[in-house]
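The sequence and the structure come first.

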Amino acid sequence: MANLGTEQNPLLVAIVGSGPSGFYAAEALIKSEFEVNVDIIERLPSPYGLVRSGVAPDHPKLKTAINLYKKIADDPHFNLIANVTVGRDISIEDLRKTHHAVILTYGAETDRKLGVPGEDLKGSHTATEFVGWYNGHPDYRELEFDLSQDTAVIIGQGNVAADVSRILSKTVDELKHTDIAQHALDVLAESKLKEIHVIGRRGPAQAKFTPKELREFGELSDCNPIILEEDLQLNDESKKELEEKTNVTNRKVYDQFCEYSKRELDSSKSKKCFFRFLMGPQEIIGNNQIEKLILEKNELSGEPFKQSAKGTNETIEINTGILFRSIGYHGIPMPGVPFHESWGTIPNEKGRVTENDGAVVEQLYTGGWIKRGPSGIIGTNRACSVETVTNLLNDIEKLNTETKKHGAKEIYSKLDSKNVRHINFAEWSQIDTKEIEHGEPKGKPREKYTSIEEMLSVIK
Ligand code: NAP
């Protein structure tokens with residue numbers, strides 16, 4: 001066979017998952033010195049992963065990343081095969097036969113467990129469920145969130161917790177011109193919530209919000225951010241953490257907490273969003289439905305930047321009928337691919353998939369959250385995918401085969417033989433156009449289709 005990566009023998013790469021890391025991997029492959037054809041396989045009819053169904057509807061700027069993804073999709077070397085589930089409609093083994101290499105960028109689809117009694121009571125939800133629901137993700141559209149309570153609790157102090165608590169704190173007027181799903185807007189319009197408690201197991205110097213996300217709580221039209229001054233006292237180790245030059249983010253976040261603690265309560269606003277620290281969930285109590293949350297007061301122990309929360313045996317209770325666990329995402333395994341259960345990631349060496357003992361698995365690569373765990377902003381995935389693609393291209397000679405591979409053509413014949421309806425980028429664009437049209441009369445950037453059947457019915 002001719003050298004791999006030439007016009008006579010293009011490198012064929014299948015990418016599993018069309019979120020940011022999948023698109024950035026495609027971009028790096030297409031822009032490389034080699035001739036590469038990329039097929040991105042996506043479970044839903046719609047691409048873009050968490051940019052479409054994770055980024056909060058009131059953060060439209062973050063969604064402009066899609067403009068770049070559209071440009072990548074315009075390249076003749078790019079192909080989308082959507083509405084296809086790898087592991088069900090087609091296997092990793094199939095993709096290893098049809099393509100020279102496979103990059104797994106399917107993200108972290110589930111949530112970490114709290115591991116406390118009562119976690120699964122009615123009214124106790126994961127952040128993933130709520131975020132998927134308000135973003136119109138087909139998997140979550142049927143869920144119900146009872147906002148007839150006066151108090152909601154969010155466990156965790158990362159940016160997902162910020163999104164969940166901000167959406168709960170906002171008025172309909174603040175949300176109605178976003179791309180929030182209509183079913184969510186309707187339920188939020190009837191919300192009776194008065195208090196939202198955002199609980200951190202560690203202190204105000206360790207909260208994982210970014211300053212911009214925290215600042216937004218000070219600009220809400222009907223909600224006061226509340227922090228007690230006494231909660232902002234720091235131990236020596238936390239002071240050292242904030243004094244560290246490079247720790248700008250936590251310092252800014254802490255300063256913002258201080259500013260909120262000094263603010264006068266605006267009595268014209270009907271809601272309060274409390275940020276509370278050094279409290280770990282101990283038990284969720286209720287009879288079928290959650291009624292209250294028992295929290296144990298914590299103290300910190302350990303060196304600066306390695307401080308962990310330890311219970312003090314002192315407990316406090318919050319009466320609440322609705323709780324959201326926002327303590328980080330967790331990846332799920334893919335049949336035929338090694339997996340690290342406790343980390344929820346695919347074991348890898350700079351993007352080359354390995355067995356758990358470190359032996360490299362030929363042809364398989366990984367990028368994004370399923371490679372490195374659920375952290376970082378959208379842009380973080382670019383460098384992550386570039387690292388993976390660099391290593392893949394360094395392996396190009398090893399990836400060459402004696403017999404020709406047929407890429408997408410062979411995938412299509414497998415899918416067609418199983419009657420799997422697959423969607424290409426042009427077909428997705430028809431759905432996209434219709435969503436934008438449906439949003440226009442409401443002054444929304446789009447009204448998303450929330451069921452796969454609806455999406456497919458639009459395609460001519
Ligand atoms: P995260 O930033 O890792 O925050 C998880 C939070 O849960 C932390 O406060 C953590 O506390 C807490 N936690 C973990 N286990 C816990 C337990 N057993 N009990 C109580 N609390 C627990 O995760 P995330 O909020 O899911 O965000 C994931 C990534 O997406 C982050 O990098 C985030 O910045 C990014 N993101 C960005 C945006 C944006 O840019 N606007 C929006 C959403 C998400 P400890 O610190 O003590 O572990």
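Which residues of α5 are buried? In this predicted model, they are Ala127, Thr128, Phe130, Val131, Gly132, Trp133 and Tyr134, and with 7 of its 8 residues buried, α5 is mostly covered. The helix is followed by Gly136, whose phi is positive, near 75 degrees.

**Packing of the two helices**

Two packed helices are described by the angle between their axes and the distance between the axes. The axes of α5 and α6 come within 10 Å and cross at roughly 55 degrees, and the two helices are therefore oblique to each other. The crossing in which α5 passes α6 is left-handed. The residues that meet across it are listed by helix below.

| Helix | Residue range | Residues in the contact |
|---|---|---|
| α5 | residues 127-134 | Ala127, Phe130, Val131 and Tyr134 |
| α6 | residues 159-169 | Val160, Asp163, Val164, Ile167 and Leu168 |

By class, the residues of this contact divide into 8 nonpolar, no polar and 1 charged.

In soluble globular proteins, nonpolar side chains tend to be buried together. The largest nonpolar core of this model has 44 residues, and those with the most contacts inside it are Phe130, Tyr134, Leu168, Phe257, Phe275 and Phe324. At least two residues of this core are supplied by each of α5, β7, α6, α8, β8, α11, β10 and β14. Once residues up to four places away in sequence are set aside, Phe324 touches Phe130 as well as Val164 and Leu168, and its other contacts include His125, Phe145 and the run of Ala152, Val153, Ile154 and Ile155. A second, separate core has 42 residues, including Phe23, Phe78, Leu80 and Ala101.

**A buried histidine**

His100 lies in the loop between α4 (92-98) and β4 (101-104), and His100 is buried, with a relative accessible area of 2%. Leaving aside neighbours within four places in sequence, the contacts of His100 include Leu4, Asn9, Pro10, Leu11 and Leu12, and also Gln363, Leu399, Thr401 and Lys405.

Note on methods
Residues are numbered from 1 along each chain as its sequence is written. This is a predicted model: local features need pLDDT of at least 70, side-chain atom pairs count only at pLDDT 80 or more; totals for chains, interfaces and linings use all residues. Side-chain values use heavy atoms; hydrogens and water are left out. Axes are lines fitted to C-alpha atoms, for helices over the stretch in contact, and angles run from 0 to 180 degrees between N-to-C directions. Helices (H or I, at least four residues) and strands (E, at least two) are DSSP runs, numbered from the N terminus. Angles under 35 degrees count as roughly parallel, over 145 as roughly antiparallel, 65 to 115 as roughly perpendicular and the rest as oblique. A crossing is left-handed if the near helix is turned anticlockwise from the far one by less than a right angle, and right-handed if clockwise. Contact means heavy atoms within 4.5 Å. Ala, Val, Leu, Ile, Met, Phe, Trp, Tyr, Cys and Pro count as nonpolar, Asp, Glu, Lys and Arg as charged, and the others, Gly among them, as polar. A nonpolar core is a set of buried Ala, Val, Leu, Ile, Met, Phe, Trp, Tyr and Cys residues joined through side-chain atoms within 4.5 Å. Buried means under 20% relative accessible area, exposed over 50%, partly exposed in between (1.4 Å probe, protein chains only).
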